[in-house]
Amino acid sequence: MIDFCGIELAHPIINASGTFDAVAARRAFGDALIEHFPFAAFVSKTVTVAPRQGNPPPRLWELPAGLMNSIGLPNKGLEGYLTEDLPRLAELPVPLIVNVMGFSRDEVAQLVTAFAQRDEVAALELNVSCPNVETGLVMGADPGEVARLMDAVRPLTHKPLIVKLTPNASDVAAVAIAAEREGASAVSLINTIRGMALHPRTKEPWLGGTTGGVSGPAVRAVALAQVRSVAEAVAIPVIGMGGVSHGGHAADLIAAGAALVAVGTESFRDPAAGARIAAELGAAAAAPHPLGRGLVGLSR
Ligand SMILES: Cc1cc2nc3c(=O)[nH]c(=O)nc-3n(C[C@H](O)[C@H](O)[C@H](O)COP(=O)(O)O)c2cc1C
């Protein structure tokens with residue numbers, strides 16, 4: 001068992017927000033999902049105060065080594081989540097972490113207050129990759145914005161607050177330090193990296209959202225560097241993610257200072273990726289071959 005901010009987890013592999021729909025997976029796999037849940041905790045997709053349609057299509061662009069999405073955070077909004085999704089997610093056999101995002105400090109405070117009262121929720125992850133409509137600054141790109149946000153929401157709950165950092169910041173470690181100083185329980189990174197694709201013929205932006213977020217193997221080296229620089233800068237636990245598709249990649253992020261590792265894009269290819277990666281990680285740690293390079297050789 002692993003202790004993460006007072007939450008007991010069976011292993012260090014969790015899902016990355018927005019990349020594993022547990023309600024749809026339950027429909028597809030039935031009770032097998034509950035009996036063999038692939039992750040040690042479940043992180044929900046981002047919930048906002050108001051319902052969102054998401055971005056117009058096309059929403060995906062395949063890259064040679066990953067994916068670019070401009071899904072645009074479609075969700076039922078706070079009320080819809082509380083009445084429709086939360087009861088179903090509470091049936092999962094693992095702790096539930098709810099990921100929330102607001103377009104102002106007041107909105108984030110409203111979300112944190114609502115979930116603070118729900119026993120089904122073990123922790124909250126704050127997605128700060130969006131602009132604050134009051135200042136125009138991307139909340140997670142600026143240490144001052146993150147400090148003011150934490151100052152506003154930290155007193156609202158005793159639950160662990162995980163700040164999900166954006167890689168689209170000039171100094172991610174400075175943002176992590178500000179989050180820690182104002183009471184964040186943990187930080188998670190990386191969110192997707194901003195990118196763009198052009199329609200092959202018209203040369204207009206392909207994605208309905210004009211730009212999108214790059215994820216998958218293409219971002220792994222960036223994730224490793226940012227996780228290491230953040231883990232060296234803060235004492236709170238770090239959740240590392242970005243391009244993890246087997247145990248070797250998880251082992252690398254842990255070596256770089258991550259306490260937990262989240263799996264995102266890989267789950268689209270293999271819904272059982274979380275369990276497989278946890279097993280690969282455990283097997284290599286339990287019985288490293290004396291002549292081999294352990295999982296290092298697999299991590300390319
Ligand atoms: C299709 C898709 C949807 C995502 N939705 C969310 C989301 O709702 N909230 C969030 O914080 N991150 C979201 N992410 C970012 C992931 O949680 C993760 O930070 C990122 O994809 C890097 O991990 P990966 O390379 O393993 O996918 C999304 C990523 C993808 C690919």
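At what angle do α7 and α8 pack, and how far apart are their axes? Let's find out in the viewer.

Before you click, remember that this is a predicted model: local features need pLDDT of at least 70, side-chain atom pairs count only at pLDDT 80 or more, and totals for chains, interfaces and linings use all residues. Residues are numbered from 1 along each chain as its sequence is written, and side-chain values use heavy atoms, with hydrogens and water left out.

**Stop 1: two helices.** Select α7 (220–233) and α8 (residues 247–255). Helices (H or I, at least four residues) and strands (E, at least two) are DSSP runs, numbered from the N terminus. The angle between α7 and α8 is about 25°, and their axes lie 9 Å apart. Axes are lines fitted to C-alpha atoms, for helices over the stretch in contact, and angles run from 0 to 180 degrees between N-to-C directions. The two helices, α7 and α8, are therefore roughly parallel to each other (angles under 35 degrees count as such). Show Arg220, Ala223, Leu224 and Val227 of α7 with His249, Asp252 and Leu253 of α8: these residues make the contact (heavy atoms within 4.5 Å).

**Stop 2: the buried side of α8.** Now colour Gly247, Gly248, His249, Ala250 and Leu253, the buried residues of α8. Buried means under 20% relative accessible area, exposed over 50%, partly exposed in between (1.4 Å probe, protein chains only). Among the elements they pack against are β3 (13–15), β13 (238–241) and β14 (260–263). Just after α8, look for glycine 257, with a positive phi of about 120°.

**Stop 3: the sheet.** Select the eight strands of the open sheet, in the order β3-β14-β13-β10-β9-β8-β7-β4, with parallel pairing. Two strands pair if DSSP finds at least two bridges between them. At the edges stand β3 and β4 (42–43), each with a single partner strand, so one side of each has no neighbour in the sheet. Zoom in on β13 and β14, which pair in the parallel sense over three bridges. Here glycine 240 stands opposite valine 261 in β14.

**Stop 4: aspartate 21.** Finally, select aspartate 21 in the loop between β3 and α1 (22–29).

Key. Angles under 35 degrees count as roughly parallel, over 145 as roughly antiparallel, 65 to 115 as roughly perpendicular and the rest as oblique.
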